[in-house]
Amino acid sequence: ARESGGPFTSMFEFLERVDLRALNKRATEALIAAGSMDSFGHRAQLLAGLDSGYSEVSARKAEEAAGQGTLFGGGDAALERTDPELPNVPEWMEHDRLIREKEALGFYVSGHPLDRHWAVVQAFDQVNSANLHEHAGSPIELACVVTKVQKQISRKDSSEWGKITVEDFHGTATILAFKDTWQRARDVMVEDAAVLLTGKVSGREQDEENPPIFLDGVVPLDGLSESGQLAVQIELPIGSDLEADSFATAREVLVAHPGAAPVELRLGSDNGITAPRFRSRSLKASADADTLEALAEVFGKSRVRIVRIGTTSGPPKP
């Protein structure tokens with residue numbers, strides 16, 4: 001239809017020009033969810049207007065078949081049918097949009113469920129799905145999103161266990177959870193959940209290329225920023241040239257973003273020895289992206305990050 005009639009200008013025109021016998025409503029819903037009609041309006045709007053669009057097109061085609069096509073196709077303008085307008089409804093939240101994309105396509109397109117947790121995820125970026133083979137036999141922490149859960153029954157003792165596929169910014173990994181660990185984790189390890197898991201990377205020779213992780217524990221990423229396990233860190237190179245009111249402004253930022261995370265000042269980068277760090281006795285902040293973005297306005301994006309308490313994390317990767 002596009003090759004013969006040119007680009008589509010609206011969802012309704014699209015419905016008029018395609019053969020609805022070949023493209024049913026469910027398929028059109030999938031096109032909307034996948035983002036292929038984003039130029040016509042936002043996805044919630046398009047989906048909410050789909051029923052009325054289909055009904056109007058069906059009515060027009062029925063009239064055409066009955067010989068009444070002039071009522072809407074070049075006859076008296078007063079008798080022409082008006083094209084339905086898209087309803088005014090709120091846009092989907094990012095989480096809902098991404099879930100619908102994945103349902104339609106099997107993968108995410110316009111973003112990633114971990115995007116909103118990026119400030120926390122970077123505190124655990126030493127291990128990711130792409131470098132698991134480098135940590136064979138070692139305990140690890142992995143920030144990821146659950147994409148598939150398969151419940152299995154053990155042949156040995158008939159106990160239930162879980163085989164879970166997770167995804168991060170680098171790829172996918174397989175998680176194996178057995179017996180009591182699975183019973184504790186099963187309510188958290190659900191599809192589309194953003195989580196921080198702890199476990200041990202398989203050291204078996206047969207798993208060398210793509211080792212699974214044997215699960216020990218899991219917590220949702222939501223709330224981790226207020227768990228007290230993370231700190232907000234500002235790194236300043238020795239001899240930094242700062243505005244005179246930089247620390248006063250930073251204090252205002254931290255007070256405006258209260259939370260459970262300690263605030264640290266790190267002088268210089270590690271260079272053979274650990275760079276000295278100083279922790280505020282009076283200030284604590286929320287360890288989230290909003291706090292980092294506000295501090296980045298003062299010190300620069302490369303100088304602020306979230307770190308795990310007790311670690312000596314290096315500067316964030318580009």
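## Helix α5: buried face

Leu50, Gly53, Tyr54, Glu56, Val57, Arg60 and Glu63 are the buried residues of α5 (buried: under 20% relative accessible area, 1.4 Å probe, protein chains only). Helices here are DSSP runs of H or I, at least four residues, numbered from the N terminus. Their cover includes α2 (11-17), α3 and α4 (43-48), with contact meaning heavy atoms within 4.5 Å.

This is a predicted model: local features need pLDDT of at least 70, side-chain atom pairs count only at pLDDT 80 or more, and totals for chains, interfaces and linings use all residues. Residues are numbered from 1 along each chain as its sequence is written, and side-chain values use heavy atoms, leaving out hydrogens and water.

## Helix α5: length and end

The 16 residues of α5 should span 22 Å at 1.5 Å a residue (1.5 Å times one less than the number of residues). The end C-alpha atoms are 22 Å apart, which agrees. Just after α5, Gly67 has a positive phi of about 85°.

## Packing of α3 on α5

Helix α3 (residues 25-34) and helix α5 (residues 50-65) have axes that come within 11 Å and cross at roughly 135°. The crossing is right-handed.

From α3, Lys25, Thr28, Glu29 and Ile32 meet Leu50, Asp51 and Tyr54 of α5. By class, this contact has 3 nonpolar, 1 polar and 3 charged residues.

## Ser246

Ser246 lies in helix α9 (residues 246-256). Its relative accessibility is 3%, so Ser246 counts as buried. Ser246 touches Val298 and Phe299, leaving aside residues up to four places away in sequence.

Definitions and conventions:
Axes are lines fitted to C-alpha atoms, for helices over the stretch in contact, and angles run from 0 to 180 degrees between N-to-C directions. Helices (H or I, at least four residues) and strands (E, at least two) are DSSP runs, numbered from the N terminus. A crossing is left-handed if the near helix is turned anticlockwise from the far one by less than a right angle, and right-handed if clockwise. Ala, Val, Leu, Ile, Met, Phe, Trp, Tyr, Cys and Pro count as nonpolar, Asp, Glu, Lys and Arg as charged, and the others, Gly among them, as polar. Buried means under 20% relative accessible area, exposed over 50%, partly exposed in between (1.4 Å probe, protein chains only).
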